[in-house]
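User: Please take a look at the model first. I have some questions about how its parts are arranged.

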Amino acid sequence: MGEGNLVVFKGTVDGITVLLDNQADFEQVISHFKQKLEESKQFFKGSKISIRFKGRSLSKEQQEELMDLLAHQNILNISFVHQFEGEEAHYDKDWIWIKDQLESKQGSLTHFHYGIVRSGNHIDYKGNVIVLGDVNPGGLITAGGNVIILGSLKGKVHAGLDNSYPHPFIISEVMDPIQIGIGNIIAQAPRGESFGSKDGKDLQIAYLNEEQIYVDVLDAKSLNHMLR
């Protein structure tokens, strides 16, 4: 692409596709992306959109830089970020079940939050909530459906407030909340202890079974326990 076309926005039915030049320096591309956002401010104002990046394979660090930029801008109201070009989707049988839940009728109501949920912040949504970042102590999430945190959970989360969700759950990379609630059940970790593992090696899932909240490693065994 030419100097003025390092980043091109193309409209789609539900959002935009961002074409990135695959030859230019990435920091130059980022700079042009920010410029395009500013130029399109009035066009996108108030619109809820999905966004897809194409034209360039990005490293993990470059993807994270783009996601961080999206988390801190206030021009686009982003409902979904599509898989990056060249990135393979890896779903084991446990993630396939989760993916099915999020694509169900109720799952169509999903709110994405990009960045840290800090102390004093409260995310409240009638459907599912997915956080791409940590939930710090003092941060709060309440959701009618399920909650997935791609980071550390150290604040408070309450899922399943809408009883039309048959098997509500909370998933986090690090499960160390001050308090968790699912449906009408609330639990707090014993003093000096945590609900789950803090090492982040395995995803943890909190779920309800016979009016008790369980926290386990996300695997077929925990899913079977939750669903029976």
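User: Is Phe53 buried or exposed?

Analyst: This is a predicted model, in which local features need pLDDT of at least 70, side-chain atom pairs count only at pLDDT 80 or more, and totals for chains, interfaces and linings use all residues. Residues are numbered from 1 along each chain as its sequence is written, and side-chain values use heavy atoms, leaving out hydrogens and water. A residue is buried under 20% relative accessible area, exposed over 50% and partly exposed in between (1.4 Å probe, protein chains only). At 3% relative accessibility, Phe53 therefore counts as buried.

User: How many aromatic pairs does a search of the whole structure find?

Analyst: Rings of Phe, Tyr and Trp (its six-membered ring) pair if their centres lie within 6.5 Å; planes under 30 degrees apart are stacked, over 60 edge-to-face, and the rest tilted. For aromatic pairs, the search of the whole structure gives a total of four.

User: Of which kind is the pair of Phe33 and Phe53?

Analyst: The ring centres of Phe33 and Phe53 are 5.7 Å apart. Their planes meet at 70°, so the pair is edge-to-face.

User: How many residues apart are Phe33 and Phe53?

Analyst: Helices (H or I, at least four residues) and strands (E, at least two) are DSSP runs, numbered from the N terminus. Phe33 is in helix α1 (residues 26-39) and Phe53 in strand β3 (residues 48-54), so the pair links distant parts of the chain.

User: What is the relative accessible area of Phe33?

Analyst: Phe33 is also a buried residue. Its relative accessible area is 1%.

User: Of which kind is the pair of Phe112 and Tyr114?

Analyst: Both residues are buried: the relative accessible area is 15% for Phe112 and 11% for Tyr114. Their ring centres are 6.4 Å apart and their planes are at 15°, so the pair is stacked.

User: Which residues do ring pairs link into a cluster?

Analyst: Phe33 and Phe53 belong to a cluster held by ring pairs.

User: Which element supplies the largest share of the lining of the second largest pocket?

Analyst: On a 1 Å grid over the protein atoms alone, a pocket is an open set of points where a 1.4 Å probe fits, with protein on both sides within 12 Å along at least five of seven lines, and lining residues have an atom within 4 Å of a point. The lining of the second largest pocket includes Leu70, Phe112 and Tyr114. At least two lining residues come from each of α3 (60-72), β4 (77-81) and β5 (110-114). The largest share, three residues, comes from β5.

User: How many charged residues are in the lining of the second largest pocket?

Analyst: Ala, Val, Leu, Ile, Met, Phe, Trp, Tyr, Cys and Pro count as nonpolar, Asp, Glu, Lys and Arg as charged, and the others, Gly among them, as polar. The lining has seven nonpolar and four polar residues. As for charged residues, there are none: the lining has no charged residues.

User: Is Leu70 buried or exposed?

Analyst: Leu70 lies in helix α3 and is one of the residues that line the second largest pocket. With 3% relative accessibility, Leu70 counts as buried.

User: Is His72 buried or exposed?

Analyst: His72 is in helix α3 as well. With a relative accessible area of 59%, His72 is exposed.

User: Which are the edge strands of the open sheet of six strands?

Analyst: Two strands pair if DSSP finds at least two bridges between them. The order of the sheet is β5-β7-β9-β11-β14-β15, with mixed pairing. An edge strand here pairs on one side only, and the edge strands are β5 and β15.

User: Which residue in β9 is the bridge partner of Val129?

Analyst: Strand β7 (residues 128-132) pairs with strand β9 (residues 147-153) in the parallel sense, over three bridges. The partner of Val129 in β9 is Val147.

User: Which residue takes a positive phi in the hairpin of β12 and β13?

Analyst: β12 is joined to strand β10 (residues 156-159) by four bridges, and these strands run parallel. Three bridges join β12 to strand β13 (residues 185-187), and these run antiparallel. The hairpin of β12 and β13 has two residues between the strands, and the residue with a positive phi near 60° is Gly183.
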